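Here's a quick look at the charged side chains in this one. Have the sequence and the 3D view open as you read.

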Amino acid sequence: MKHPQFAQAFYNSTAWKHARALKKKQAGGLCERCLVRGLIVPGVHVHHKIRLTPENLNDPSVTLNLDNLELLCEPCHQQEHQRETQMRTDAAGRVIW
Ligand SMILES: [Zn+2]
Ligand SMILES: [Zn+2]
């Protein structure tokens, strides 16, 4: 998953690396969605439930809030973003929700 250009600096920040490490620790290093289904899978991506936007990028209650973070394995993370893309745009790329 490639980070959007506007968020590059954020993802390189010490604050983010710290929050990400905390989240991984809190989740016990396991994919949270797989765990709900009884599967023990290591988590690799710390995902933002509320997506980062240029508007909320400087709001730590969104960007660094552990409640807004989810530890996911690669397939779960991809699935999440695919679902998002499908739900959000029609064939012409227009937002539909
Ligand atoms: Zn998973
Ligand atoms: Zn994500």
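In this predicted model, salt bridges join Arg33, Arg51, Glu70 and Glu80 into a network.

| Pair | N to O distance |
|---|---|
| Arg33 and Glu70 | 2.8 Å |
| Arg33 and Glu80 | 2.8 Å |
| Arg51 and Glu80 | 3.0 Å |

Start with Arg33 and Glu70, whose side chains meet at 2.8 Å. This pair links distant parts of the chain: Arg33 belongs to helix α3 (residues 32-36) and Glu70 to strand β2 (residues 69-72), 37 residues apart.

Arg33 also pairs with Glu80. Since Glu80 sits in helix α5 (residues 74-88) and Arg33 in helix α3, that contact ties together parts 47 residues apart in sequence.

Then there's Arg51, which forms a salt bridge with Glu80. Arg51 is in the loop between β1 (45-48) and α4 (60-63), while Glu80 is in helix α5, so this pair too links distant parts of the chain, 29 residues apart.

Which of these residues are buried, and which are partly exposed? Glu80 is buried, with a relative accessible area of 6%. Glu70 counts as buried at 11% relative accessibility. Arg51, at 19%, counts as buried because the cut-off is under 20%. Arg33, at 27%, is partly exposed.

Notes:
Residues are numbered from 1 along each chain as its sequence is written. Chains are lettered from A and ligands numbered from 1 in the order in which they are written. This is a predicted model: local features need pLDDT of at least 70, side-chain atom pairs count only at pLDDT 80 or more; totals for chains, interfaces and linings use all residues. Side-chain values use heavy atoms; hydrogens and water are left out. A salt bridge is a side-chain nitrogen of Lys or Arg within 4 Å of a carboxyl oxygen of Asp or Glu. Helices (H or I, at least four residues) and strands (E, at least two) are DSSP runs, numbered from the N terminus. Buried means under 20% relative accessible area, exposed over 50%, partly exposed in between (1.4 Å probe, protein chains only).
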